[in-house]
Amino acid sequence: MQSLAPSSTISIKSIMRTPSPLPNPHRLAFTIQSAASRFDSASNTTNPAVSAAAPVPVPVPSTNNFTSGGVGKSRTDWQSSCAILASKVVSQQQNTEKTGGADNITVVNGHKTLDLVPIDNLPKPLTITDLSPAPMHGAQIRVAYQGVPGAYSEAAAGKAYPQCEAIPCDQFEVAFQAVELWIADRAVLPVENSLGGSIHRNYDLLLRHRLHIVGEVQLPVHHCLLALPGVRKEYINRVISHPQALAQCELTLTKLGLNVTREAVDDTAGAAEFVAANNLRDTAAIASARAADLYNLNILADGIQDDSSNITRFVMLAREPIIPRNDRPFKTSIVFAHDKGTSVLFKVLSAFAFRNISLTKIESRPHRNRPIRLVDDANVGTAKHFEYMFYVDFEASMADVRAQNALAEVQEFTSFLRVLGSYPMDMTPWSPSRDD
């Protein structure tokens, strides 16, 4: 009978050192059973009955091989070690099948992988849209305006952003700050009226704050004379409203025979609210028809503005500018301060004229940081020149090469230049009718 060669000895160490993939548990179980049967055959060679039943002699493994393998010297220890190894291999095979193969193994040799939290459950970083809703043409947009409910500014906010949440502010400055402090997403503020001219306060605030003009809206103004229920025109001895509203209705009030005192307040809707809150039966207010509905006032006279072509232009302000385009009419607003020299304003305006760019507005405001410039000349003495900031609106988009080249030339003659915004023009058709 030949002994089993040492090179073919099956040991636990030789299996664990194999870097190949995990063996098939069925094949490993067959190997263990074969080894166990060989061990049984070797142990029963001294029994004549067993030897006669085995047609092929089985070599007997030496005792030294078990000892060197570190398993044990008895047959029971050797079989127990092989059974433990087989159970580990089967357990690892089951874990691999549950996790979907080798690419998604979450447990390897009893250790968890780093993929402990699913990617879908990780928190996402905050963006600007989480802090303030994106402008979806007025959907869920918070718009700040100056005045109280019923003001023309509220109507302009509703026209600019339908279905918006209008936020009334008592001052223009508060409306600017509401957008800067993320209390509101937009602000809609008046900048000029077709009869009363520019609203200088808002031009000064445009320069002081860092908001951008993102659009404009033109709103027809329709004034009404409002009073408490039961009050007739003969009982009125005072009319209150915004200064521009009083000026726009001066002739009509005279024609109505109302030689009464005119008193200015902050806004038109505020005047209507004041009459209703204080139950003033000798006072009338000039405001909109919506203000009459809100404060339960009667309309004594409708459409009392002196000129039916009474339109107020509002600008829409945001924290971030919009991307200028060329697929629709755009308007661009700038402000600049001219440098020392002669004919500077002419050179600036020529930059637009040479490129056939139409100017729609030019407004001058005192330069607050340098209101007066002294010019010394030995021949004529000392002259005082007033310094101004110039606001200009022109019909062109900043995406237009003509506008870019014009501003590049303007910058050569100015000490300060800032683009307030490049935005779509309000092309809404208008007719002087009551429905407006």
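**Figure 1. Confidence of the predicted model.** The protein has a mean pLDDT of 76, and 61% of its residues reach 70 or more. In residues 100-109 the pLDDT falls below 50, and this stretch has 12 contacts in the model beyond near neighbours in sequence. Residues 112-117 also have a pLDDT below 50.

**Figure 2. An open sheet of five strands.** The strands run in the order β10-β9-β11-β8-β12, and their pairing is mixed. The edges are taken by β10 (261-264) and β12 (298-302). Each of these two has a single partner strand, so one side of each has no neighbour in the sheet. From one strand to the next, the twist averages 30°.

**Figure 3. The stacked pair of Phe 336 and Phe 390.** The model has three aromatic pairs, this one among them. The ring centres of Phe 336 and Phe 390 lie 5.6 Å apart and the planes meet at 20°; planes under 30 degrees apart count as stacked, so this pair is stacked. Phe 336 belongs to strand β14 (residues 330-338) and Phe 390 to strand β18 (residues 388-394). The two residues are 54 residues apart, and their pair links distant parts of the chain. Phe 336 is buried, with a relative accessible area of 0%, and Phe 390 counts as buried at 11% relative accessibility.

**Figure 4. The tilted pair of Phe 352 and Phe 394.** The distance between these rings is 4.9 Å centre to centre, with 40° between the planes. Phe 352 lies in helix α14 (residues 344-353), whereas Phe 394 lies in strand β18. This pair also links distant parts of the chain, across 42 residues. Phe 352 has 1% relative accessibility and counts as buried. Phe 394 counts as buried too, at 0% relative accessibility.

**Figure 5. A charged group over the ring of Trp 182.** The charged end of Arg 319 sits over this ring. From the charged end of Arg 319 to the ring centre of Trp 182 the distance is 3.7 Å.

Conventions
Residues numbered from 1 in each chain as written. Predicted model: local features only at pLDDT ≥ 70, side-chain atom pairs only at ≥ 80, totals over all residues. Heavy atoms only, no water. pLDDT = per-residue confidence, 0-100. Contact = heavy atoms within 4.5 Å. Pairing = 2+ DSSP bridges. Helix = DSSP H or I, 4+ residues; strand = E, 2+ residues; numbered from the N terminus. Axes fitted to C-alpha atoms, helices over the stretch in contact; angles between N-to-C directions. Phe/Tyr/Trp six-rings, centres within 6.5 Å; stacked < 30°, edge-to-face > 60°. Buried < 20%, exposed > 50% of the residue type's maximum accessible area, 1.4 Å probe, protein only. Lys NZ or Arg CZ within 6 Å of the ring centre and 35° of its normal.
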